[in-house]
Structure formats: structure tokens, C-alpha cells
Amino acid sequence: MSKGKYRVLITAPWFTKNNLEILMRYFDVTLNNKGRWFTEDELMSMISNYDAVIAGLDPFTAKVLERANKLRIIARRGIGYDNIDLAKAKEKGIYVTNTPISTEVNAVAEFTVALILALTRGIVKSHELMRRDPKLAYKVRDSFLGKELSELVVGIIGLGNIGSKVAEK
């Protein structure tokens, strides 16, 4: 570590090279090279070394944050804080922010629409039966026709960034 530089952990398994180069000029950066999110145990073993985290979907639980003695901020790259124990962060004086990225809003909305279609069409059940017993799946194939969206009323609870995009699609 360079003397006097804050230590930053980037947990997201991907990070834009341009942004990484800029951060490395000013901070001692550790990048997640595992190709997956960190586990709770992995975070617990390393979190005490860092002043800041640029987080993805890794589990920043109370157990992890309890060990975060130097940590001042968790900047969540993406939407929401579901994976961060906000009460524990507040208790420890750790700021928590997020940066919703418009392409991620679109991706979540498209995934939501895909799940709606999967449910209304019985895709998961038919796929499971096809893998388990193709002959039976063929015999009962009509039971998996499902319904067209035009035949249904689909409710969206909340019309924030994602809900509005789901309604648009």
C-alpha cells in the first residue's frame, strides 16, 4: 500500500477499466478477481483492512460489518441495499450510498417481465417435467399452454424506476 492512501475494496466481479485506472491514481485498490461475489466468510476475513468499499451484491451482514473497524463508506454499485445491514452500518457510522445504473434498471425490468412470462406460461414446470420424463411431458403438453398476457390483469406494485420500466415493457 502506498503511504497515506485510503484502501478501497471493489467487490463487484467486474469493473470498468477507465474508472479503475482513475481510482488507482488516488487510492490503494483491491479488485475482486474471483469472477463471483464474495461470501460472508471471505468478507469477514478481509473487511478490517479497508476504508471504503465499492460493493456489488456481496453480503454486508452485521457479522461482516462488526469487523469493519476502519470502514467509512459502502458505495453500492447498483440498485437497492438488500444485501447491506443498514442498521449495523448506521450503528458503526458507516455511510451507505448507491448508484443506480440505467442499464441495470432496464435489465431488472426485462428480467421481471421474463419471470411474469415464465409464470403465466408454466415454463419452469414444463421444463422440469421435460427433463425428468419427456414422454409424460409430451402427453400433458396442453396443460402447459398457460395464458396470454392479454387475457390477464398484471399488477405492478410501485412505479419507481424499475416498476415504470416494467409497465412500459
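**Exercise 1. Work out whether T11 is buried or exposed in this predicted model, and find which residues it touches.**

*Step 1.* Start with the place of T11: look in the loop between β1 (7–10) and α1 (17–26).

*Step 2.* Now take the accessible area. T11 has a relative accessible area of 0%. Buried means under 20%, so T11 is buried.

*Step 3.* Finally, list the contacts, leaving out residues up to four places away in sequence. T11 touches N32, W37, F38, L43, V53, I54, A55, G56, D58 and F60.

**Exercise 2. Describe the largest nonpolar core: which residues touch the most other members, and which elements supply at least two residues each?**

*Step 1.* The largest nonpolar core has 18 residues, and F60, L71 and I74 are the ones that touch the most other members.

*Step 2.* Three elements each supply at least two residues of this core: α2 (40–46), β3 (52–55) and α3 (62–66). The most comes from α2, which gives three residues.

*Step 3.* Go back to L71 and set aside its neighbours within four places in sequence. L71 is then in contact with I47, Y50, D51, A52, V53, L65 and I94.

**Exercise 3. Follow the salt bridges: how many does the structure hold, and where do the partners of three of them lie?**

*Step 1.* Side chains of opposite charge can pair when their charged atoms come close. The structure holds eight salt bridges.

*Step 2.* Take R7 and D28, whose side chains meet in a salt bridge with an N to O distance of 3.3 Å. This pair links distant parts of the chain, with R7 in strand β1 and D28 in strand β2, 21 residues apart. Both R7 and D28 are buried.

*Step 3.* Next come E91 and K88, which form a salt bridge at 3.0 Å, N to O. Both lie in helix α4 (residues 86–91), three residues apart, or about one turn of the helix. E91 has a relative accessible area of 59%, so it is exposed. K88 counts as buried because its relative accessibility is 13%.

*Step 4.* Then look at K169 and E110, whose salt bridge spans 3.6 Å, N to O. K169 lies in the segment after α8 and E110 in helix α5, so this pair ties together parts that are 59 residues apart in sequence. K169 counts as partly exposed, at 44% relative accessibility, and E110 is partly exposed too, with a relative accessible area of 43%.

**Exercise 4. Look around K34 and G35: where do they lie, and how far apart in space are K34 and P13?**

*Step 1.* K34 sits in the loop between β2 and α2, and G35 is found in the loop between β2 (28–31) and α2.

*Step 2.* Check the accessibility of each. K34 has a relative accessible area of 46%, so it is partly exposed. G35 counts as exposed, at 62% relative accessibility.

*Step 3.* Now compare sequence with space. K34 and P13 are 21 residues apart in sequence and 6.6 Å apart in space, C-alpha to C-alpha. For G35 and V154, 119 residues apart along the chain, the C-alpha atoms are separated by 36 Å.

Key
Residues numbered from 1 in each chain as written. Predicted model: local features only at pLDDT ≥ 70, side-chain atom pairs only at ≥ 80, totals over all residues. Heavy atoms only, no water. Core = buried A, V, L, I, M, F, W, Y, C linked by side-chain atoms within 4.5 Å. Buried < 20%, exposed > 50% of the residue type's maximum accessible area, 1.4 Å probe, protein only. Helix = DSSP H or I, 4+ residues; strand = E, 2+ residues; numbered from the N terminus. Contact = heavy atoms within 4.5 Å. Salt bridge = Lys/Arg side-chain N within 4 Å of Asp/Glu carboxyl O.
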